[in-house]
Amino acid sequence: MLKSILVSSLILFSTVIVESSILSNIPFLIVVPDIVLICSLYFSLLNGKLYGEISGFISGLFLDFFTGVPFGFNCIYRTLIGYLYGLFSKNIILSGIFIPMLSVGIGTAVKRLFIFLISMLFPNTNLYVYGFISYEFLFEFVSNVVLAPFIFKFLSFFRNTLSLYDEKDLVDNV
């Protein structure tokens, strides 16, 4: 389990670096696609609740260090999303195109809902929160959904290293 968490943490750290330093400096992007969320959802769906919580917390921690939001903001909702998606780890097949797109689309909407609820609880913070009916949310939603199958496919190359379960265990349970 430790090797799997270290590899997934390295992947999450790399995606945070790409998001915060490369994608955020592209002028025509309205909002940066949340590649970290997509990776975290993949890890949660692959390994379950506990792993989803851990990967969500680690991704939130990395984002909190690299962005200017209050410390712990990303950790809260990403841990919750990782746990929720970990509940479905035995029920969702990660291959294909439609399922990754659907799961990441729902994950993006849940992320936006959690951010909105947290910002309502703490109105004095300087968080830029855009609503569900905005160009920013629509751009983030569409870009996440379009990128989901490609990122899921890329991460499936590391499935043996990232998975806590052996391939034959997964086949026997089906």
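A salt bridge is taken here as a side-chain nitrogen of Lys or Arg within 4 Å of a carboxyl oxygen of Asp or Glu. The structure is a predicted model, in which local features need pLDDT of at least 70 and side-chain atom pairs count only at pLDDT 80 or more, while totals for chains, interfaces and linings use all residues. Residues are numbered from 1 along each chain as its sequence is written, and side-chain values use heavy atoms, with hydrogens and water left out.

Helices are DSSP runs (H or I, at least four residues) numbered from the N terminus, and helix 5 covers residues 98-121. Among the buried residues of helix 5 are G105, K111, R112, F114 and I118, where buried means under 20% relative accessible area, exposed over 50%, and partly exposed in between, with a 1.4 Å probe and protein chains only. The cover over the buried residues of this helix includes helix 2 (35-47), helix 4 (73-86) and helix 6 (135-156), a contact being heavy atoms within 4.5 Å.

By the rule for salt bridges, the count comes to four. One of them joins K111 to D34, with the closest N and O atoms 2.8 Å apart; this pair links distant parts of the chain, since K111 is in helix 5 and D34 is in the loop between helix 1 (2-22) and helix 2, 77 residues apart. K111 also meets E140 in a salt bridge of 2.5 Å, N to O, and because K111 lies in helix 5 and E140 in helix 6, the pair ties together parts that are 29 residues apart in sequence. K111 counts as buried at 6% relative accessibility, and E140 counts as buried at 2%. R112 forms a further salt bridge with E140, the closest N and O atoms being 3.5 Å apart, and this pair again links helix 5 with helix 6, across 28 residues. D34, R78, K111, R112 and E140 are linked in a network of salt bridges.

A search of the whole structure finds zero disulfides, a disulfide being a pair of cysteine sulfur atoms within 2.5 Å. The sulfur of C39 has its closest cysteine sulfur in C75, 17 Å away, which is too far for a bond. C39 is buried, with a relative accessible area of 3%, and C75 is likewise buried, at 6%.

Definitions and conventions. Helices (H or I, at least four residues) and strands (E, at least two) are DSSP runs, numbered from the N terminus. The expected span of a helix is 1.5 Å times one less than its number of residues.
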